[in-house]
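Hello,

Here is the structure I promised to pass on to you.

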Amino acid sequence: MAHESTGMDHGVKEELGLGVRKYLLMLDVRKDHVKFWRPQVLLMVSNPRSSVGLIKFINDIKKSGLYVLGHVQLGDLNTLPSDPLQSQYDSWLSLVDNLNIKSFVNLTLADSVRHGVQHLLFISGLGGMRPNTLVLGFYDDCLPKDKLIDPSLCTSQPRDPLGSLDELEKQPPLFHFASLRGSSDRQDYGEFGDGKVLGPQEYVAIIADAMKMLKNVVLARYFNNFDRSQVLSPPSTSPGKGAVYVDVWPVNLLRPDSSSYVDTCSLFLLQLACILNMVRAWRKAKLRLFLCVEEGRSVRGSEEKLGQLLKELRIKAQVYSVPWDQQVALHWQRQAEWGKKQLSQSPDSAKEEEKQRPDEEEENDEDYVNSFPSNATRLSNDYLSAVNKLILDPARPAPAVRFLYLPRPPADTRRYATYLHQLDLLTQDLGPTLLIHGVTPVITTDL
């Protein structure tokens, strides 16, 4: 009987193996279609100690898609006696188990973080199940906080629920991750003197690389203290009276002249917000879609068009029109238009303007062709701060998370620091925020 049972078990395992292989072979990228699209996420984690909230949140937003935790360790295998990554996998897998998430772990050794991320984007996944979305934490000067010291993450809880913290501290550590930068027991000040191994130039270069590889990019800010249970259970005395909101701003806020709500990036924002809203824990959250409008433009027409699009896509969201004339007036394009208007009103300058008009038109065409580098250098801090206050309007109940449009990095690499500074001002003090850039179509009504 024992022999027969073993034989039956072997047959079942062989049949299961053939079935798994059959479906793996069906993951053919050539048969990819937008209706089968799912978020396949690669989340880059510098140190899990400060990334618990973000790791859990991305586990929600990926829904049923692929989820990979990626980490780059700097080093050269030629100078090391053995692979330093092998001993780290146990800690990472224990982390996945204790956070109760469904994720794979990919670690790599590279001479720079940029090369390591490129490597993981190239090799992670299998067949058609490869990362299509790269998620990075935001690059700022906020000191990270250790969230792995929470006793709830320990496997061996004391029997006495009122047990002292001293008993917990005596337990062997469950995770063996490096100390966070800025902590008292860390003496490594990093390449940039602040404990960071990554500079702003390289950070933006990683974003640009991912877009070249046709990967969607998400930058996550202010998720250090994110706690889903608290966010989804606000007190009834809160401004929203216990309601949970997810805010979506599907327009490039750095370019008021490109106020399109139906481009690839805007639709990708809508799709991700919709996916989050479909997750069981987030179903009670209400989507708020903000339509930025200027005086003199057809507000009702824009609302109706957007409402019709949401209806076709079966996305439930409340559309709000937000006037932003005061903010747009600070944008360099509007100020340039106002200056030209003032100049044209002067009778002495009329003839001079006629002479210069052909040259100006040629200049304007050139500015339009190279619009983003020009835009990146001319955006003022006043404009960015004004838009930030518009998003942060205290008259509205604060949302659990915000989805914002992430513009492409400038083509000129010398503008990378300026680009990052603009994103920093735009998202300052907004709370949990995702800056999102979509490069591939994920929505269609032609089925």
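**Notes on a few residues**

Lys63 is partly exposed, at a relative accessible area of 35% (buried means under 20%, exposed over 50%, and partly exposed in between, with a 1.4 Å probe and protein chains only). This is a predicted model, in which local features need pLDDT of at least 70, side-chain atom pairs count only at pLDDT 80 or more, and totals for chains, interfaces and linings use all residues. Residues are numbered from 1 along each chain as its sequence is written, and side-chain values use heavy atoms, leaving out hydrogens and water.

You will find Lys63 in the loop between α2 (52–61) and β2 (67–74); helices (H or I, at least four residues) and strands (E, at least two) are DSSP runs, numbered from the N terminus. Lys63 is not a glycine, yet its phi is positive, near 50°.

Asn100 also has a positive phi without being a glycine, at about 55°. Asn100 sits in the loop between α3 (89–99) and β3 (104–110) and is exposed, with 67% relative accessibility.

Within helix α3 itself there is Asn98, which is partly exposed at 26%. A polar atom of the Asn98 side chain lies 2.7 Å from the backbone oxygen of Ser94.

Finally, take a look at Lys215, in the loop between α6 (200–212) and β5 (216–221). Lys215 is buried, at 14% relative accessibility. A polar atom of its side chain lies 2.8 Å from the backbone oxygen of Pro131. Leaving aside neighbours within four places in sequence, Lys215 is in contact (heavy atoms within 4.5 Å) with Leu121, Pro131, Asn132, Ala210 and Val439.

Best wishes

Technical notes. Polar contact = N/O pair within 3.5 Å; in protein donor to acceptor, adjacent residues only side chain to side chain.
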